[in-house]
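Visitor: Hi, could you walk me through this model? I'd like to start with a helix.

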Amino acid sequence: MPRTSQVELTGCPPFRALCFDNLGLIKVVEAQPDKGAPQVVARWGHPDSQQAAVCTSLSGDTYPSLALARKNGRVEIIDPASGAHRMELGVPTKVDIPNDRSRGQEDASDVVCGLHLFKESSSGGKSVLTCTEKGVAAIQRVPDQIKGEATDSELLIANWSISESGCVLCLRVDTTEQHAAFGGRGLDVNLWDVEKCSRLWTAKSPRRDNLGLIAPPYVTSLTFLSNEDHRKLVVGTGHHQVRLYDVGGQRRPVLAFNFGESPIRALAADADGYSVYVGTGAGDLACFDMRTGQNLGAFKGKVAGSIRSVVRHPTLPIIASCGLDRYLRIHHSKTRQLLASVFLKQQLVSMVFDMSALPQEPAKTDATVPQEKSAFDDGRDDLDNSILHKVKSSKERKHTTFTESKSLGVSKKPRKSKSSELQDY
Amino acid sequence: MGKRQREDDGEEDEGEKELRKAGAKLPSHIKNKHKRSEAYSKLKHEKILDKKKRIKARDLAEKQALELGEVPEPRKIPRTIENTREIDETLAQPDDEELHADNAADEFNAHFMREHVPKLLITTSQACCNNTRNFIKELLTVIPNAHYYKRGSYDLKQIVKYAKNRDFTSMIVVNEDRKYPNGLLVVNLPDGPTAHFKLSSVKLSKKIKGHGRPTRHMPELILNNFTTRLGLRVGRMFASIFPQDPEFRGRRAVTFHNQRDFIFFRHHRYIFEEKEVKGKVSASSKDSTVDVKKRTPKSAVIARLQECGPRFTLKLQSLQHGTFDSKYGEYEWVHKPDMDTSRRRFFL
């Protein structure tokens, strides 16, 4: 008798995620603790291709807001819990120079490529950092709803140009929100001080290859390796290369390796400070150890198209990926098993995990929630132990090296011998 | 008893089991080939007769049930790979408003809104051979407003640019390997997507028995079984190659039939003929004078098909976002070996 039904996926822990697609819709996917498979619980917005999402950012404070840049050049501030539209901003596409009226024209063809919503500052009020493809970065104050309309020039805090040539493709701000990294086509990685609007560091292009050629810079994705340290930058390039830069050390990459044959599209760093999840344009998703450059394993199952976004859950050991194949997939970050997948009908652009409104019944007491979490954690530990056990039984030698490298704690300092070896790269 | 023989015994079908029960020797155990084939053909013939009998009995039972006003026993549905297909959540629902909104925003919408007339550029891989040329000759007869361009030594990206500037709406590149066409790249212009198909079982019209010559009328297009989200997109891509207004006078039909992810291409001409059919003579009025009238031939309309060719089969390998870009391109769907873990999983 042939198998006529699908294999049931193992359930996943409760989470709440927002997915953004190319029709401008926002879909809320929730996995309830008791209901098993995650489901779409809400859909916000009307389908309109001009409203397509470009990039998103969730502010990291206790009552987060969500910033969403759309294709028509507007940035919306949304309440992630209810989907309520709070505020809308324009994006400056020219650089304002105080004593020069002749220079700088608003450019309608320019598109937003990067966005970051800052935490609420002590002086009150939020601000948002935007960057356009032609390299105009701007920090704008998000106005309060009560104060009403204010002109764009009043809201502008800072405005500067990243590069005159080249096309900016990605922007990432570190956890302290003092440093921003930019990269793009024809623009190698730059690290900027957000407060002073000054460039701190620029990457130097790699050495010539054996044919004497230099590949033009093509940065497609960026991430900071660990939460504590803004000096370790992981960069994915269009030439299917993943590079690790150490800003404190040198201007050339400390570590670089190739992955697959199509451009790297998405990068996400793990909370452990050394592993990085890499997604490519041909639908390959893998985990790499940035201390050694070793591929820790691929994430398989239901990955058919280009991965536009990979996100690691802040507390649970799960990663979510989405992209052009219209699926949201949840993988276990350590066992790399597919836990759940949701078909979301449209080509997805990005997704975020919403931590503010975890799916739980309001009647439940706080004590029950951690218990559930710990139950899942225990399960994970079991899985981890079983994996470790397997490794031990099959290759004992390998296991010992694994533990050694783990105990080194390289996330703070790269091993000196390694970096000196790699300097010749 | 050897292992193989034991396994063979395990694969006995019902007829063989019955034979064994009856004490008869199985045809496969007869050593003389002539006798064995004789016994086998006899067995086969009996099976066919048996089946006919069963069908007759079933029909009779159905007829009787209908006459008595009862509900006849439902017919058994054979289990096939298609109807035991794995559950697929991407199947397109006709009442899905999101799907319609997505279709209204996609790259093929301009074609379906009749904003332009399809214009196709056909070219080959570099240095092509006669088989590919003949295949393209036939494609040119099938697809209206198609233009063949020599490939020369140009890059595909250059050709895409050229075609965009000259208002081509799509482009087909026929790839060949070992002097036979083996791949088809269909690029929708100006914004993509790009589909790559494996091309197999090519049969040119010359090799098709009783083939006809196609006229220059605009053909009708038949797209069968493109049901999933991906299938719908591929179907829309095929539709955008052909003009939207068929000339029914020409009675030409072009079919893309999807079955288990293989897309079968056929090109037919159909005809409705009035044909004389002999009236059935009822047993009761066999020798009465009235039956002279009944024996005069009746005319009935019969549909006939004539294949025009070519015939080929396509299998989707990848669907790329945007126009052709093998180095920096993004894929909407790529076939991967780990998708082939079940025979009952289909993507189109």
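Visitor: Which residues of α8(B) are buried?
Guide: The buried residues of α8(B) are R229(B), L230(B), G231(B), R233(B), V234(B), G235(B), R236(B), M237(B), F238(B) and A239(B). Buried means under 20% relative accessible area, exposed over 50%, and partly exposed in between, with a 1.4 Å probe and protein chains only.

Visitor: And how many residues of helix α8 is that?
Guide: Ten of the eleven residues in helix α8 (residues 229–239) of chain B are buried, and the helix is mostly covered. Helices are DSSP runs of H or I with at least four residues, strands are runs of E with at least two, and both are numbered from the N terminus.

Visitor: Before we go on, what are the ground rules?
Guide: This is a predicted model, where local features need pLDDT of at least 70 and side-chain atom pairs count only at pLDDT 80 or more, while totals for chains, interfaces and linings use all residues. Residues are numbered from 1 along each chain as its sequence is written, chains are lettered from A and ligands numbered from 1 in the order in which they are written, and side-chain values use heavy atoms, leaving out hydrogens and water.

Visitor: Thanks! Where is T323(B)?
Guide: T323(B) sits in the loop between β10 (311–321) and β11 (330–334) of chain B.

Visitor: Is T323(B) buried or exposed?
Guide: T323(B) is buried, because its relative accessible area is 19%.

Visitor: What does T323(B) touch?
Guide: Not counting residues up to four places away in sequence, T323(B) touches V160(B), K164(B), V187(B), N188(B), L189(B), P190(B), D191(B), G192(B) and T194(B). Contact means heavy atoms within 4.5 Å.

Visitor: Another loop, then: where is N145(B)?
Guide: N145(B) lies in the loop between α6 (130–142) and β2 (146–148) of chain B. With a relative accessible area of 35%, N145(B) is partly exposed.

Visitor: Which residues is N145(B) in contact with?
Guide: Leaving aside neighbours within four places in sequence, N145(B) contacts V117(B), P118(B), K119(B) and L120(B). The C-alpha atoms of N145(B) and F168(B) are separated by 9.9 Å, with the two residues 23 apart along the chain.

Visitor: Switching to chain A, how many helices and strands are there?
Guide: Chain A has four helices and 28 strands. Of the 425 residues in chain A, 50% are buried.

Visitor: What share of the contacts in chain A with a separation of 6 or more comes from residues 24 or more positions apart?
Guide: Those residues account for 48% of such contacts in chain A.
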